Amino acid sequence: MRNAQKHHLDLELKAARRQTDELFQIVRPDSLYERPIPERHRIIFYLGHMEAFDWNLMARRALDEASFHPTFDHLFAFGIDPPAGQLPQDAASEWPGVEEIERYNRRTRDAIDESLAKVPEEMVHAAIEHRLMHAETLAYILHQLPYDRKLPRSTADDPPRASIPRTTFLEIPEGMARLGNSPDNGFGWDNEYQPLAENVPAFSIGRHKVTNAEYLEFVRQGGSPPLFWIERAGAWFYRGMFAEMPLPMDCPVYATKCQAEDYARWRGASLPSEAQFHRAADSAVPSRNTDFRYWDPIPVTADDTTEDIPAQMIGNGWEWTSSLFAPFPGFESRAYYPNYSEPFFDGSHYVLKGGSPRTAARLLRPSFRNWFRPSYPYIYATFRLVHS
Ligand SMILES: [Fe+2]
């Protein structure tokens with residue numbers, strides 16, 4: 001690595017570590033062994049996972065260093081994404097103590113910092129982005145931890161409020177969608193390649209993400225309420241990261257793809273395909289609600305500038321697409337992380353685009369693709385409608 005680039009990546013890795021370290025400060029010390037989401041590991045796994053991943057990738061694979069704790073290298077190596085009905089069954093008592101994990105983490109960081117200059121640049125990028133993605137996944141996991149087990153964090157400023165928008169649709173003329181990424185463009189994950197141009201017939205798309213107010217009409221007609229909502233004495237509340245609040249009508253509804261599709265059908269519309277999303281997001285600028293600025297959504301109109309561009313295509317909530325997560329032509333997995341994408345090209349995961357309040361700025365590039373199961377309700381994911 002060149003010196004300036006090396007220094008820059010070193011700083012980025014340290015900033016990403018601060019981001020994930022801070023998340024563990026939210027958890028009351030007696031709650032680190034909780035499992036807020038049944039389909040995911042206990043919180044304690046993530047305390048060891050990010051360091052084990054960095055160690056396995058940069059020290060073991062890249063530099064062939066001898067392992068000082070093979071048990072932890074293995075125990076903390078991989079997250080889980082079980083199909084319905086196959087929930088993890090491990091007991092809290094099966095996991096090691098916090099102090100031993102923190103010792104492992106310190107030693108790992110010291111070893112990596114010492115030899116970072118020798119690690120191929122691409123692997124350092126992968127380690128930084130892997131950690132930043134966990135800064136988001138851990139946030140949505142901790143979102144489900146009961147309030148009395150969390151120590152609240154504030155944000156730099158108060159989130160904006162706005163009026164509820166009228167639903168308007170914007171015409172997108174027929175044209176080429178540019179998906180994928182070019183290898184000359186800097187770091188990207190395997191599933192972002194190769195570049196792919198796809199002709200998209202004309203369609204219209206919601207100028208804004210679907211709001212809680214709009215979705216509430218559907219719930220009143222029998223639609224299924226999102227996991228983030230709770231009804232008390234006939235009124236709906238939003239379960240925010242650190243407190244409940246009256247349902248913010250002007251904010252995007254966070255919902256599953258199944259709920260999004262049901263809603264779209266009820267309105268006589270559909271969800272955009274990945275290619276339609278790219279067409280509509282052609283001149284998108286990021287919402288202010290991204291890169292860890294706020295914990296909860298802001299109004300769908302909070303970033304409105306010009307009237308003829310779809311708002312908040314980037315940030316304030318990932319957007320479900322109707323497209324199955326699948327490789328672009330020319331896909332090749334990376335030897336240093338062969339299972340990053342390939343196991344999820346299984347016909348059970350769908351593409352999400354854009355970004356959420358907890359998505360790092362680095363991951364907001366147009367080619368970045370996120371993917372989840374269509375009924376997974378915990379993520380900061382919303383949607384908008386299209387008429388094709
Ligand atoms: Fe991971």
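**Strand pairing and charged contacts**

Modeller: In this predicted model, β1 pairs with strand β4 (residues 203-206) in the antiparallel sense, through four bridges. One of the positions can be named: Ile172 has Phe203 of β4 as its bridge partner. The pair belongs to an open sheet of three strands, arranged in the order β1-β4-β12 with antiparallel pairing. Its edges are β1 (169-172) and β12 (386-387), each of which pairs on one side only.

Strand β5 (residues 229-232) meets strand β6 (residues 235-239) in the antiparallel sense over four bridges, and Trp229 has Tyr238 in β6 as its bridge partner. The hairpin of β5 and β6 has two residues between the strands, and Ala233 there takes a positive phi near 50°. From β6, three bridges lead on to strand β7 (residues 244-246), again in an antiparallel arrangement.

The charged contacts come next. Side chains of opposite charge can pair when their charged atoms come close. The model contains 26 salt bridges. One of them joins Arg17 to Asp113, with the closest N and O atoms 3.1 Å apart. This pair links distant parts of the chain, since Arg17 is in helix α1 (residues 3-26) and Asp113 in helix α4 (residues 98-115), 96 residues apart. Arg17 counts as buried because its relative accessibility is 5%, whereas Asp113, with a relative accessible area of 29%, is partly exposed.

A salt bridge is also found between the side chains of Arg109 and Asp21, at 2.9 Å from N to O. It too links distant parts of the chain: Arg109 lies in helix α4 and Asp21 in helix α1, 88 residues apart. Arg109 is buried, with a relative accessible area of 18%, while Asp21 is partly exposed at 32% relative accessibility.

Within helix α7 (residues 257-266), Lys257 and Glu261 lie four residues apart, about one turn of the helix. Their closest N and O atoms are 2.9 Å apart in a salt bridge. Lys257 is buried, with a relative accessible area of 3%, and Glu261 is partly exposed, with a relative accessible area of 28%. Elsewhere, salt bridges that share partners join Glu12, Glu129, Glu192, Arg362 and Arg365 into one network.

Arg365, a member of that network, is found in the loop between β9 (350-353) and β10 (370-372). Its relative accessible area of 17% is under the 20% limit, so Arg365 is classed as buried. A polar atom of the Arg365 side chain lies 3.2 Å from the backbone oxygen of Arg362. Beyond its neighbours within four places in sequence, Arg365 is in contact with Glu129, Asn181, Phe187, Gly188, Trp189 and Glu192.

Helix α5 (residues 121-143) has 23 residues, and the distance from its first C-alpha to its last is 33 Å, close to the 33 Å expected at 1.5 Å a residue. The helix is mostly covered, with 21 of its 23 residues buried.

Finally, the cysteines. The structure holds zero disulfides. Cys251 is buried at 1% relative accessibility, whereas Cys258 is partly exposed, with a relative accessible area of 32%.

How values were computed. Residues are numbered from 1 along each chain as its sequence is written. This is a predicted model: local features need pLDDT of at least 70, side-chain atom pairs count only at pLDDT 80 or more; totals for chains, interfaces and linings use all residues. Side-chain values use heavy atoms; hydrogens and water are left out. A disulfide is a pair of cysteine sulfur atoms within 2.5 Å. Buried means under 20% relative accessible area, exposed over 50%, partly exposed in between (1.4 Å probe, protein chains only). A polar contact is a pair of N or O atoms within 3.5 Å; within protein, one must be able to donate a hydrogen and the other to accept it, and residues adjacent in sequence count only if both atoms are side-chain atoms. Contact means heavy atoms within 4.5 Å. Two strands pair if DSSP finds at least two bridges between them. The expected span of a helix is 1.5 Å times one less than its number of residues. A salt bridge is a side-chain nitrogen of Lys or Arg within 4 Å of a carboxyl oxygen of Asp or Glu.
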